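Welcome, and please have your viewer ready.

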Amino acid sequence: MILAAVIGLAVGVVVGMLGAGGGILSVPILVYILGQEPHQATAASLVIVALTACVSIIPHARAGRVRWRDGLIFAALSALGSFAGARASALVAPTVLMVSFGVMLSVVAVVMLRKAWKMRRDAGDMPGGEARGASPLMLLAVATLTGVLTGFFGVGGGFVVVPALVLVLHFSPKKATGTSLLVMIIASLMGLLGRIGTGVELNWDIALAFAAASMCGGLVGARLTTRVRESTLTLAFGILLAGVALGTLVEALPGVIRG
């Protein structure tokens, strides 16, 4: 529990600062460091992400970095997908679940690193912070996909929400960070509801110790956001995703090959 709390503090800083990272960090940590079974870890991760996002969103909201209407619409559209993804996750072998997780992170990492490179090449950060309109069909597709991935992999969805808000709906990275926390709260709760009746049991001692420390770290990370350039946030997010993807694939692929 002490180890879970120490790691949780660091994870919380990442979540508060980037508006993502809670699930993509906590799932591999719970599995490979704290010894949780993958399905158990994905359920615990949803508890950790939801609680951390509830705390982390407060400084972002006070600074005007949360677009409430857009975030609630996005979350509502993704809710059904999150529930369905949670049900589907229980049917997948643990090793396949972790390899799929690593592959998905790799794809998103490449997209965000390319975006960061373009922002720096074009002399910096995106101006403004207001979203330009996206077609209703595009919004529905992106939100539903976010929900499915959230429920399936046991993550808050910030790793998909932040790129979606930046690349598809054209939010500034800082407003995408704040708004994604709102989406993460709702999506995580739906993912937990989708796991009811699937036979997955939580280790509440570890989950709550991790979550409590992560909540403290989330407050620190949220305040650090104001001091960092938006292109730097995007680059940091991409590097984080790439690193977690590599570590997950290195650990999970041998099990699939042997299987």
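Is A109 buried or exposed? Select A109 and look: this residue is buried, with a relative accessible area of 2% (buried means under 20% relative accessible area, exposed over 50% and partly exposed in between, with a 1.4 Å probe and protein chains only).

A word on what you are viewing: this is a predicted model, in which local features need pLDDT of at least 70 and side-chain atom pairs count only at pLDDT 80 or more, while totals for chains, interfaces and linings use all residues. Residues are numbered from 1 along each chain as its sequence is written, and side-chain values use heavy atoms, with hydrogens and water left out.

**Stop one: around A109**

**Stop two: the core**

Next, select L25, L30, F74, L105, F210 and L241. These have the most contacts inside the largest nonpolar core, which has 60 residues (such a core is a set of buried Ala, Val, Leu, Ile, Met, Phe, Trp, Tyr and Cys residues joined through side-chain atoms within 4.5 Å). Helix α5, residues 94–121, gives the largest share of this core, nine residues (helices are DSSP runs of H or I with at least four residues, numbered from the N terminus). A109 is found in helix α5 too.

**Stop three: two helices**

Show α5 together with helix α6, residues 136–153. How do their axes cross? They come within 11 Å and cross at roughly 140 degrees (axes are lines fitted to C-alpha atoms over the stretch in contact, with angles from 0 to 180 degrees between N-to-C directions). That makes α5 oblique to α6, because angles under 35 degrees count as roughly parallel, over 145 as roughly antiparallel, 65 to 115 as roughly perpendicular and the rest as oblique. For the contacts, select L97, S100, F101 and M104 in α5, which meet L149, F152 and F153 in α6.

**Stop four: a charged network**

Finally, select D70. Its side chain meets that of R67 in a salt bridge (2.7 Å, N to O) and that of R69 in another (3.4 Å, N to O); the term means a side-chain nitrogen of Lys or Arg within 4 Å of a carboxyl oxygen of Asp or Glu. Shared partners join R67, R69 and D70 into one network. R67 is buried, at 18% relative accessible area, whereas R69 is exposed, at 58%.

Conventions
Contact = heavy atoms within 4.5 Å.
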